Amino acid sequence: MNNFTKFIEAVKGNALFALEFLGVMFAIFLIAFIAEKIILKKAGSKEKVLSTRKIAVVGMFSAIAGVLMSVEVPLPGLIPDFYKFEIGDLPGIICGFAYGPIAGVLVEMFKVFIKVLIFRPTSTAFVGELANFVIGCSLVLPATIVYWCKKTKKGAVAACITGGLCMCIVGSLLNGLYLLPTFVRMFFGGDLETLISIGSATNPMIKNIPTFVIFAALPMNLLKSIAVGILAMLLYKPLRPFMKESQPFKKKKKESEE
């Protein structure tokens, strides 16, 4: 059975959750669209949201993101094994810096489909993929909006810090209120103690869902946001000439990062 067939079977077996996933994707895309339109309007720009070149680069970076998302590294002894470290959000934040919030969100969106269709089918009935998409967008979308409002080196630093804080907050709330309870219901028959026992085997301080979030989900998201932020700061400037066909809007002064 190939990955596409497995994908279809997974969708059929979890149709309601798959629809919820698509609804969340649409809502986040709409937020990105509105934010970018407001930014461009304030700047007096009439540039298209996505040009042919932008679409091509978004596709390329989505493929890279799908590969990076598939390269997951467990952190044994620190965090339960089903939380794995990866830097699949890096292409999204770089693309967002170059082309705006919509491009960043599209990379986050497409990378999920590329990962499950080409590299590795879902093993969590899309629970893990939903978590990755929403938490990734909570980093990429705020960071991109902040950077586009102030396109300087200081703005880029502020963007990465803002995105990292949002990622930690959204990731914690999402894990505690929705993802972990959903995971328990779908895979452990509602038996929370099974999940807690997995967590406490790695970290004895994990005793319930709040401590699971504090000692597992939060540290992982903090580590990812720091790694992605640092790499984005290092890589964006060298990649920028290749990515930018034109400025999204003209500035009277030369941008300090150029």
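Visitor: How far apart are K111 and E108 in helix α5?
Guide: K111 and E108 are three residues apart, so about one helical turn separates them. Keep in mind that this is a predicted model.

Visitor: What do K111 and E108 form?
Guide: They form a salt bridge. The closest N and O atoms are 3.2 Å apart.

Visitor: Are those two buried or exposed?
Guide: Both K111 and E108 are buried. For K111, the relative accessible area is 0%.

Visitor: Which residues are linked with K111 in a network of salt bridges?
Guide: D89 and E108 are linked with K111 in that network. D89 bridges to K111, with the closest N and O atoms 2.7 Å apart. D89 sits in the loop between β2 and α4, while K111 is in helix α5, so this pair ties together parts 22 residues apart in sequence.

Visitor: And D89, buried or exposed?
Guide: D89 has a relative accessible area of 1%, so it is buried.

Visitor: How many salt bridges does the structure hold?
Guide: Four. One of them joins E129 and K115, with the closest N and O atoms 2.9 Å apart. E129 is in helix α6 and K115 in helix α5, so that bridge ties together parts 14 residues apart in sequence. E129 is buried at 3% relative accessible area. K115 is buried too, at 6% relative accessibility.

Visitor: New topic. How many helices and strands are there?
Guide: Nine helices and two strands. Along the sequence, the pattern is α-α-α-β-β-α-α-α-α-α-α.

Visitor: What share of the 258 residues is buried?
Guide: Buried residues make up 50%.

Visitor: Which residues touch the most other members of the largest nonpolar core?
Guide: I93 and F133 do, in a core of 67 residues. Helices α2, α3, α4, α5, α6, α7, α8 and α9 each supply at least two residues of this core. The largest share, 13 residues, comes from α6.

Visitor: How many aromatic pairs does the structure hold?
Guide: Five. One of them is Y83 with F212, a tilted pair. Their rings are 6.2 Å centre to centre, with 55° between the planes. Y83 lies in the loop between β1 and β2, F212 lies in helix α9, and the two are 129 residues apart. Both are buried.

Visitor: What kind of pair do Y147 and Y236 form?
Guide: An edge-to-face one, 5.9 Å centre to centre and 85° between the planes. Y147 is in helix α6 and Y236 in helix α9, so the pair ties together parts 89 residues apart in sequence. Y147 counts as buried at 1% relative accessibility. Y236 counts as buried at 6%.

Visitor: Which residue joins Y147 and Y236 in a cluster?
Guide: F97. Ring pairs link the three.

Visitor: Now the outside. Which residues form the nonpolar patch on the surface?
Guide: V157, I161, L165, I169, L173, L177 and M233. Together they have about 690 Å² of accessible area.

Visitor: Which helix gives the most to the patch?
Guide: Helix α7, with six residues. V157 lies in that helix. At 39% relative accessibility, V157 counts as partly exposed, because that class lies between 20% and 50%.

Technical notes: Residues numbered from 1 in each chain as written. Predicted model: local features only at pLDDT ≥ 70, side-chain atom pairs only at ≥ 80, totals over all residues. Heavy atoms only, no water. Patch = residues over 30% accessible without salt bridge, like charges linked within 9 Å, V, L, I, M, F, W, Y side chains within 5 Å. Areas by Shrake-Rupley, 256 points an atom, 1.4 Å probe, with all protein chains shown as cover. Salt bridge = Lys/Arg side-chain N within 4 Å of Asp/Glu carboxyl O. Helix = DSSP H or I, 4+ residues; strand = E, 2+ residues; numbered from the N terminus. Buried < 20%, exposed > 50% of the residue type's maximum accessible area, 1.4 Å probe, protein only. Core = buried A, V, L, I, M, F, W, Y, C linked by side-chain atoms within 4.5 Å. Phe/Tyr/Trp six-rings, centres within 6.5 Å; stacked < 30°, edge-to-face > 60°.
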